[in-house]
Amino acid sequence: MKKQFIKVVLSCTVLVAGFTVTSCKKSSSSKNVSRATGWKINAKEGGFQYNSDFKEQETAPGLVFIEGGTFTKGKVQDDVMHDWNNTPTQQHVQSFYMDETEVTNVMYLEYLDYLKSVYPPENPKYANIYKGALPDTLVWRNRLGFNETMTNNYLRHPAYAEYPVVGVNWIQATQFAEWRTDRVNEAVLEREGFLAKDAKYQAVTGEVAGTFSTEAYLNRPESVYNGQIDSLQGNKKKDSVSTFAKRSSGIISPEYRLPTETEWEYAAAALQGSREYNNYRGRKKYPWEGEYTRNGQRVGRGDQLANFKQGKGDYGGIAGWSDDGADITAEVKSYKPNDLGLYDMAGNVAEWVADVYRPIVDDEISDFNYYRGNIYSKTAIGEDGKVEILRDSIVYDTLPNGKVVAVNLPGEILMVPVDEEETYLRTNFSKSDNRGYRDGDAGSTRFFNRFSDEEDEENQRKMYDSPKHKVERDSTGNIIRGYDTSNERTTLINDEVRVYKGGSWRDRAYWLDPAQRRFLPQYMATDYIGFRCAMSRVGSKAKTKNKTVRGKKAK
């Protein structure tokens with residue numbers, strides 16, 4: 001009893017100016033009272049406003065939650081193609097979200113329709129925005145094959161609405177993901193009352209000038225819709241004072257983007273469905289269990305589990321029960337999903353991922369969320385001290401194949417590379433562009449320029465000395481082709497080639513292995529490469545219903 005009494009006294013006694021003052025009042029555990037200052041949070045009187053009711057990230061449209069973990073990236077089997085570009089490495093992936101299916105024709109057509117409505121191509125200023133986003137439908141053509149039906153119909157005919165979009169290059173895929181981010185967040189802000197009902201349609205119909213950009217809204221909300229956002233305020237607006245959501249509101253989703261190669265491979269392998277040691281060590285051959293491409297279960301025995309080329313001149317099998325159901329691409333969800341609920345992670349179409357291609361995977365520098373392709377940038381600040389918003393100054397880029405694409409859209413934030421203000425005395429990065437960091441090339445090493453001049457660097461940089469073409473358009477729109485005619489180039493690998501993963505309807509079963517990797521210049525498109533989007537997970541590793549606390553399932 002005496003010991004218990006002492007404990008109470010110690011917990012309730014405070015010395016103030018030499019006097020003993022006792023107070024047994026418990027500190028407030030209210031989520032609306034700061035544990036740092038004791039001030040109210042979200043008080044009507046003002047002060048600090050914060051979403052103290054936030055539970056966890058909302059699953060955005062089209063996505064499936066992928067809980068992160070460790071796995072063996074790459075293969076441990078023999079490499080019959082002799083690429084030697086997928087050496088096994090142990091990697092850890094943070095939790096993320098991924099599209100349930102590939103992006104379909106109807107999803108991409110929605111994107112094209114939006115661009116055509118908001119940026120009419122008949123306006124010379126906007127002409128290349130819509131044109132630059134169009135898929136290349138000529139990818140279906142073959143010198144010795146009749147494929148005009150797909151050339152004319154595959155993208156737009158409703159018979160192919162739920163088929164994966166193809167003819168889209170890597171740049172177009174990333175721009176679709178950026179557009180999708182803005183449209184989803186625009187709908188969320190409308191749902192939560194920060195925007196008026198149906199406000200998202202007024203830019204499409206032309207009732208308001210300009211459009212919505214997520215980053216512009218977060219940094220300079222008054223600039224959105226070309227400065228007309230006050231007229232589109234929802235029921236959150238009080239006493240004629242505009243109210244804007246912030247990142248701290250917790251309702252704005254992270255950006256849609258292409259998955260990294262590591263994320264894609266981890267999601268395709270779907271190791272959570274099997275705890276077998278060989279699978280964990282990288283010996284799982286396909287996104288499904290087993291060593292064969294046909295179904296071995298009692299129901300559906302013998303059915304093909306993916307859409308792929310089964311042999312020379314055989315794109316689907318003999319018509320009938322043994323056929324895989326497709327000769328070109330197939331409608332999404334035609335085959336069973338893997339253990340994570342993802343469809344067509346093998347077959348149908350191969351898929352772009354975010355990474356710049358190198359045959360070397362440097363797990364010594366990173367074994368956590370591995371990704372090659374980082375170009376760090378920051379928001380440009382104008383003379384008025386505010387973030388710069390691009391209005392009419394649309395920047396276009398002419399790709400090596402002559403295609404013109406918009407680098408930015410009106411209403412977006414101007415981004416510039418990071419400089420010495422951000423890199424000075426840092427140990428984790430020293431420059432903006434890190435695509436070639438530690439890729440085995442002497443010219444990519446950190447202090448190379450200190451010990452060699454530019455001429456010496458050009459002579460020594462031999463590993464990735466790809467052709468350096470220069471293609472431009474003159475004032476009349478004619479292409480000026482500046483091809484590199486050097487006979488000393490030894491590779492096609494450079495900072496503009498991207499990885500694509502998975503097999504397709506044109507590929508043999510060998511390419512269905514999630515560990516296989518190939519590359520293509522980011523400006524090129526084919527009839528067998530599509531894409532799907534991903535989104536980062538913020539907050540806890542697992543969803544609330546899956547969380548455990550010291551071995552006990554969370555309530």
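Reader: Which residue forms a salt bridge with E422, and how far apart are the closest N and O atoms?

Author: K378 does, with the closest N and O atoms 3.3 Å apart. This pair links distant parts of the chain: K378 is in strand β8, E422 is in helix α11, and 44 residues separate them. Keep in mind that the model is predicted.

Reader: Which other salt bridge does K378 form?

Author: K378 also forms one with D419, where the closest N and O atoms are 3.0 Å apart. Again the pair links distant parts of the chain, 41 residues apart: K378 is in strand β8 (residues 377–379), while D419 is in the loop between β11 (415–417) and α11 (420–423). D419 counts as partly exposed because its relative accessibility is 33%.

Reader: How many salt bridges does the structure hold?

Author: There are 31. One of them joins E263 to R257, with the closest N and O atoms 2.9 Å apart.

Reader: Are E263 and R257 buried or exposed?

Author: E263 and R257 are both buried.

Reader: Which residues are linked in a network of salt bridges?

Author: K73, E261, E265, K501 and R517 are linked in this way.

Reader: Let us turn to strands. What joins the strands of a sheet?

Author: Strands of a sheet pair through backbone hydrogen bonds, and they run parallel or antiparallel. Here is a case. Strand β3 and strand β6 (residues 96–99) run antiparallel, joined by 4 bridges. F65 has Y97 as its bridge partner in β6.

Reader: Which residues lie on each face of β3?

Author: L63 and F65 are on one side of β3 (residues 63–66), with V64 and I66 on the other. These four are all buried, and both faces of the strand are covered.

Reader: What is the strand order in the open sheet of 4 strands?

Author: The order is β15-β14-β7-β16, and the pairing is mixed. The edge strands, β15 (517–521) and β16 (529–530), each pair on one side only.

Reader: How many bridges join β14 to β15?

Author: 5 bridges join strand β14 (residues 497–501) to β15, and the two run antiparallel. V497 has its bridge partner in β15, namely P521.

Reader: Now the core. Where do nonpolar side chains tend to be?

Author: In soluble globular proteins, they tend to be buried together. The largest nonpolar core of this model has 54 residues. Y108, L115 and F531 have the most contacts inside this core. At least two core residues come from each of β3, α2, α3, α5, β7 (350–356) and β10. The largest share is from α5, with 7 residues.

Reader: How many cavities of 30 Å³ or more does a search of the whole structure find?

Author: The search finds 5. The largest cavity has a volume of about 240 Å³.

Reader: What lines the largest cavity?

Author: Its lining has 22 residues, and Y111, L115, Q175, L409 and E412 lie nearest the centre. With 5 residues, α5 gives the most.

Reader: What is phi of N369, and where is N369 found?

Author: Phi of N369 is positive too, near 55°. N369 sits in the loop between β7 and β8. N369 is partly exposed because its relative accessible area is 29%.

Note on methods. Residues numbered from 1 in each chain as written. Predicted model: local features only at pLDDT ≥ 70, side-chain atom pairs only at ≥ 80, totals over all residues. Heavy atoms only, no water. Buried < 20%, exposed > 50% of the residue type's maximum accessible area, 1.4 Å probe, protein only. Pairing = 2+ DSSP bridges. 1 Å grid on protein atoms, 1.4 Å probe; cavity = no way out; pocket = protein on both sides within 12 Å on 5 of 7 lines; lining within 4 Å. Points joined across faces, edges and corners; volume = space filled by probe spheres on them. Salt bridge = Lys/Arg side-chain N within 4 Å of Asp/Glu carboxyl O. Core = buried A, V, L, I, M, F, W, Y, C linked by side-chain atoms within 4.5 Å.
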